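Here is a friendly briefing to read alongside the model. Please keep the viewer open and follow the points topic by topic.

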Amino acid sequence: MPVTRISDLDELRKVIRSNDRVIVNFGADCCLNCQVMEPIYDKLSNEHSNIVFISVQIDDEGAVMKKYGLRVIPTFKFFEHSVEAGQVTGSIVCALMEGVKMLAAV
C-alpha cells in the first residue's frame with residue numbers, strides 16, 4: 001500500500017483512530033536525513049499491506065510537531081489500535097525495519 005501524505009492534524013487523528021496499525025513518518029522536505037529515509041519507507045509500505053503508512057511534513061503543520069512532541073526529524077511513530085506503541089528517531093534504517101516488523105507481527 002503506498003504512503004499517504006497528510007498535512008492536517010485532524011486528518012492524521014482520524015487515520016490513526018480508524019486503523020489498527022499505523023506508522024507515521026514525521027519529516028520535512030528540507031531535511032536530508034528525511035530524504036534518505038523516504039525511499040526506504042516507501043518500500044516498506046509496499047511490503048506490508050496490513051499497516052497504514054502515513055507521511056506528515058512538519059513544514060506544513062506546526063501543530064503536529066507540538067502535539068506529538070517531536071524534537072528530531074525524521075521521527076517514525078508506531079500506533080496500534082490508536083495507542084502509540086513505539087518510535088524511531090533519526091535515520092536508523094535497521095531500527096525502522098525492526099519497528100515495522102514488530103507492528104506487522106501484532
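Cys94 is a residue of helix H4; helices (H or I, at least four residues) and strands (E, at least two) are DSSP runs, numbered from the N terminus. This is a predicted model, in which local features need pLDDT of at least 70 and side-chain atom pairs count only at pLDDT 80 or more, while totals for chains, interfaces and linings use all residues. Residues are numbered from 1 along each chain as its sequence is written, and side-chain values use heavy atoms, with hydrogens and water left out.

- Cys94 counts as exposed, at 55% relative accessibility; buried means under 20% relative accessible area, exposed over 50%, and partly exposed in between (1.4 Å probe, protein chains only).
- Ala95 and Val72 are 23 residues apart in sequence, and their C-alpha atoms are 15 Å apart in space.

**How H2 packs with H4**

- Two packed helices are described by the angle between their axes and the distance between the axes.
- For helix H2 (residues 32-47) and helix H4 (residues 93-105), the axes come within 11 Å and cross at roughly 20°.
- That angle makes H2 roughly parallel to H4; angles under 35 degrees count as roughly parallel, over 145 as roughly antiparallel, 65 to 115 as roughly perpendicular and the rest as oblique.
- The axes here are lines fitted to C-alpha atoms, for helices over the stretch in contact, and angles run from 0 to 180 degrees between N-to-C directions.
- H2 and H4 have a right-handed crossing; a crossing is left-handed if the near helix is turned anticlockwise from the far one by less than a right angle, and right-handed if clockwise.
- On the H2 side the contact is made by Met37, Ile40, Tyr41 and Leu44, and on the H4 side by Val93, Leu96, Met97 and Val100; contact means heavy atoms within 4.5 Å.

**Cysteines**

- A disulfide is a covalent bond between the sulfur atoms of two cysteines.
- How many disulfides does the count give? With a disulfide taken as a pair of cysteine sulfur atoms within 2.5 Å, the count comes to zero.
- Cys30 illustrates this: the closest cysteine sulfur, in Cys31, is 6.8 Å from its own sulfur, too far for a bond.
- Cys30 is exposed, at 67% relative accessibility, whereas Cys34 is buried, with a relative accessible area of 7%.

**Gln57 in strand E3**

- Gln57 belongs to strand E3 (residues 52-57).
- Is Gln57 buried or exposed? Gln57 is buried, with a relative accessible area of 7%.
- A polar atom of the Gln57 side chain lies 2.9 Å from the backbone nitrogen of Asp29; a polar contact is a pair of N or O atoms within 3.5 Å, where within protein one must be able to donate a hydrogen and the other to accept it, and residues adjacent in sequence count only if both atoms are side-chain atoms.
- Leaving aside residues up to four places away in sequence, Gln57 touches Arg5, Ile6, Gly27, Ala28 and Asp29.

- Thr75 sits in strand E4 (residues 75-80) and is buried, with a relative accessible area of 2%.
- The Thr75 side chain has a polar atom 2.4 Å from the backbone oxygen of Val72.
- Beyond residues up to four places away in sequence, Thr75 touches Val24, Asn25, Phe26, Leu70, Gln87, Val88 and Thr89.
- Leu70 is in the loop between H3 and E4, and is buried at 7% relative accessible area.
- With residues up to four places away in sequence not counted, Leu70 touches Phe26, Ile58, Val64, Met65, Thr75 and Lys77.
- Leu70 and Ile58 are twelve residues apart along the chain, and their C-alpha atoms are separated by 9.4 Å.

**Backbone details in the loops**

- Ile73 and Pro74 are joined by a cis peptide bond, with omega about 0°.
- Pro74 is found in the loop between helix H3 (62-67) and E4.
- His81 is not a glycine, yet has a positive phi of about 50°; His81 is in the loop between E4 and strand E5 (83-89).
- Ser82 has a positive phi near 75°, is found in the loop between E4 and E5, and is partly exposed, with a relative accessible area of 34%.
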